Amino acid sequence: MRLRYWSRGRLTSGSVFLPEAEPSGTGWPIVTWAHCMVGIGGSNAPSLGGLPRLERVHLTAWLRRGFVVAAADYLGLDAHGITPYPYGEPLASDILDIARAVQDLGAPIDAPVIAAGFSQGADVALYAALLWQSHAPELDFRGTVALAPLDYPTFFTAVTKDEDSPVEQLVPMLLAGMRAHSPTFEPRDFLTDHGNRLVEVAATASMPQMRAAMAPFRNSDLGVSGMMRRLDIQCLLAEARPPVTRYHPPLLLCTTTRDILSPPKSTARLQTQLRECGTDATFRCYEGVNHLSALPTTAHDSARWAHDLLATHPTHRIATNSDRTRS
């Protein structure tokens, strides 16, 4: 079902999926799902066009485990501006607030909440783990699953270093999202006419539309060759990275051996850094599959990890719904 709810003073949207099995105990737990890149403009809202197919495959495993799935559309996909891609922090409130909204539906839904996300959504889920205590402290937030968290600097350096390489479709979306995040950033300063036009296209296009628009062009045609050498882009990408600090609920970090967006070394290093900060962080790497294939590959293990976590870890609730005024 499509759900309209309030988040940070704006009326936004998302999708809710209920398990077929009867709830046990006090009701179904919630996984609040942070989806991958589908576009950055309002015409791409998953609650209108549906989540990507492989995400639906992944989430079937959660439904079979008895989780309610709540999937926010994100700021920008809900007709409020443009998604500030790749910044997860402004979107974390969306996935926290949809978990609160789902609990008000009247269905047999229990309190425990797991945040989970893939690719772009992995960072959103990590930020939700950091912000829930300040933004939604009444949630019984138990843990976070980050599937293929992105190493943006490594990826964008690789795809823009060669001027003769075909343009990666995420590049114009990155520049449009950075401009939405930081109005002082103006990619017109270094882009060609083709580049400027495609950044404007990125503000409304879906991923298939973006692929079609990019097909004739190489990096040199847009002016993005070596763009990662620019200090302003380096600084803006550094702002997008979830901080390395202590996350109180446990984390599960997953990637695959053939993922160029989430290289195993980067994700393993992140786990080491988080554990040094005192985070209960588990890392799993799956052999032989690429970025998108991580979704079906990790589905069973991710849902089982969350299911077991609810059974073995106590509540993290620090207030009740009646104790707080919802923002």
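**Close-up views of a predicted model**

**View 1. Strand β5, helix α4 and strand β6 form a right-handed β-α-β unit.** The crossover is called right-handed because, with the strands pointing away from the viewer, the path from the first strand over the helix to the second runs clockwise; helices (H or I, at least four residues) and strands (E, at least two) are DSSP runs, numbered from the N terminus. This is a predicted model, in which local features need pLDDT of at least 70 and side-chain atom pairs count only at pLDDT 80 or more, whereas totals for chains, interfaces and linings use all residues. Residues are numbered from 1 along each chain as its sequence is written, and side-chain values use heavy atoms, with hydrogens and water left out.

**View 2. Strand β6 (residues 140-147) pairs with β5 and with β7.** Strand β5 (residues 109-118) runs parallel to β6 over seven bridges, and β7 (residues 251-256) pairs with β6 in the parallel sense over four bridges, where pairing requires that DSSP finds at least two bridges between two strands. Leu 147 of β6 stands opposite Phe 118 and also opposite Cys 254 in β7. Eight of the eight residues of β6 are buried, so this strand is largely enclosed by the rest of the structure; buried means under 20% relative accessible area, exposed over 50% and partly exposed in between (1.4 Å probe, protein chains only).

**View 3. Ile 95 and Val 102 have the most contacts inside the largest nonpolar core, which has 43 residues.** Such a core is a set of buried Ala, Val, Leu, Ile, Met, Phe, Trp, Tyr and Cys residues joined through side-chain atoms within 4.5 Å. Helix α4 (residues 120-135) gives the largest share of this core, nine residues. Apart from this core lies another, of 37 residues, among them Tyr 87, Phe 156, Val 171 and Met 210. Not counting residues up to four places away in sequence, the contacts of Ile 95 include Trp 33, Tyr 74, Val 124 and Ala 128, a contact being heavy atoms within 4.5 Å.

**View 4. Arg 10 lies in strand β2 (residues 10-17).** Arg 10 counts as buried because its relative accessibility is 11%. With residues up to four places away in sequence not counted, Arg 10 touches Tyr 5, Tyr 74, Leu 75, Asp 78, His 80 and Asp 94.
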